[in-house]
Amino acid sequence: MQEKRQYREVGNLLEAINEVLHIFSDYKDVPKIQQLQESADQINKNLKVQVFNEFDKLDIAHVSKTAEIMNLSNALFVVEALGLQTQREFMEKFCKKQLVGYFKEFSPNTELSKLEHIEKRYTWLMNCLSHFETFWAKIFPPSWRMTEYICEEFCFQTRDRIMEILDKTKNSIDPPVLKRALKKTLIFERELCNLFSNTAVPTDDFSHFQEDEALYSGDLNPNSAE
């Protein structure tokens with residue numbers, strides 16, 4: 001079944017084997033149980049390599065047949081059956097692959113990496129999410145919440161890069177540029193809130209913008225909260 005890529009059947013067998021091994025977990029020192037465990041571990045290892053490699057080589061834009069889409073979805077069922085650690089490893093690897101283009105396009109010392117073009121970073125993410133919804137959403141289980149995972153990783157990486165830029169330019173940054181970048185970022189944050197929340201947040205509500213702007217420009221009175 002593994003060689004024929006019958007992933008749904010393989011996943012069901014994995015779950016059954018895991019249940020049996022769990023039942024006999026108190027007898028793990030028995031030679032027969034040890035042998036079964038070793039065989040299961042080797043099967044799991046081989047399956048992990050096979051599924052990971054299949055997605056590494058996959059050109060999703062050329063996957064259109066329903067049967068192939070279903071089999072890829074079943075392959076992720078196998079990933080789940082291999083355990084939470086394997087699932088997280090797969091998600092991290094997949095996410096990093098989706099962001100490769102971002103790291104390349106906005107690499108340090110390029111024109112697009114400058115603070116003046118910060119909104120282009122956010123546009124890049126939205127395009128990435130659109131691509132995911134078009135090609136990948138029909139394959140990944142909704143419970144994996146991959147769009148949120150991609151956004152989270154993007155935000156962590158972008159935060160670190162913007163902090164590096166601010167640190168390098170703290171004595172020379174143009175205040176209007178900083179103000180514009182902050183405003184664009186606030187809009188982006190609200191868009192993400194609306195994307196993953198049932199409660200819409202107005203993207204043009206900047207009632208706290210003056211305070212945020214003062215905070216980032218160093219003009220906020222530290223005693224103003226008293």
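Biologist: What pattern does the protein follow when read along the sequence?

Modeller: Happy to start there: it runs α-α-α-α-α-α-α-α-α, with nine helices and zero strands. Do keep in mind that this is a predicted model.

Biologist: Why is Thr 86 called buried?

Modeller: Thr 86 has a relative accessible area of 11%, and buried means under 20%. The value falls under that cut-off, so Thr 86 counts as buried. Thr 86 lies in helix 4. Leaving aside neighbours within four places in sequence, Thr 86 is in contact with Lys 48, Phe 52 and Val 79.

Biologist: And across the protein, what share of the residues is buried?

Modeller: Of the 226 residues, 32% are buried. The protein exposes about 14700 Å², and carbon and sulfur atoms supply 53% of that area.

Biologist: Back to helix 4: at what angle do helix 4 and helix 7 pack?

Modeller: Helix 4 (residues 84-98) and helix 7 (residues 146-168) pack at about 65 degrees, and their axes are 10 Å apart. Their crossing is right-handed.

Biologist: Which residues make that contact?

Modeller: Helix 4 brings Met 91, Glu 92, Phe 94, Cys 95 and Gln 98, while helix 7 brings Met 146, Tyr 149, Ile 150 and Glu 153.

Biologist: How do these residues of the contact of helix 4 with helix 7 divide into nonpolar, polar and charged?

Modeller: There are six nonpolar, one polar and two charged. Glu counts as charged, so Glu 92 and Glu 153 are the charged pair here.

Note on methods:
Residues are numbered from 1 along each chain as its sequence is written. This is a predicted model: local features need pLDDT of at least 70, side-chain atom pairs count only at pLDDT 80 or more; totals for chains, interfaces and linings use all residues. Side-chain values use heavy atoms; hydrogens and water are left out. Axes are lines fitted to C-alpha atoms, for helices over the stretch in contact, and angles run from 0 to 180 degrees between N-to-C directions. Helices (H or I, at least four residues) and strands (E, at least two) are DSSP runs, numbered from the N terminus. A crossing is left-handed if the near helix is turned anticlockwise from the far one by less than a right angle, and right-handed if clockwise. Contact means heavy atoms within 4.5 Å. Buried means under 20% relative accessible area, exposed over 50%, partly exposed in between (1.4 Å probe, protein chains only). Accessible areas come from the Shrake-Rupley method with a 1.4 Å probe; for residues, only the protein chains shown count as cover.
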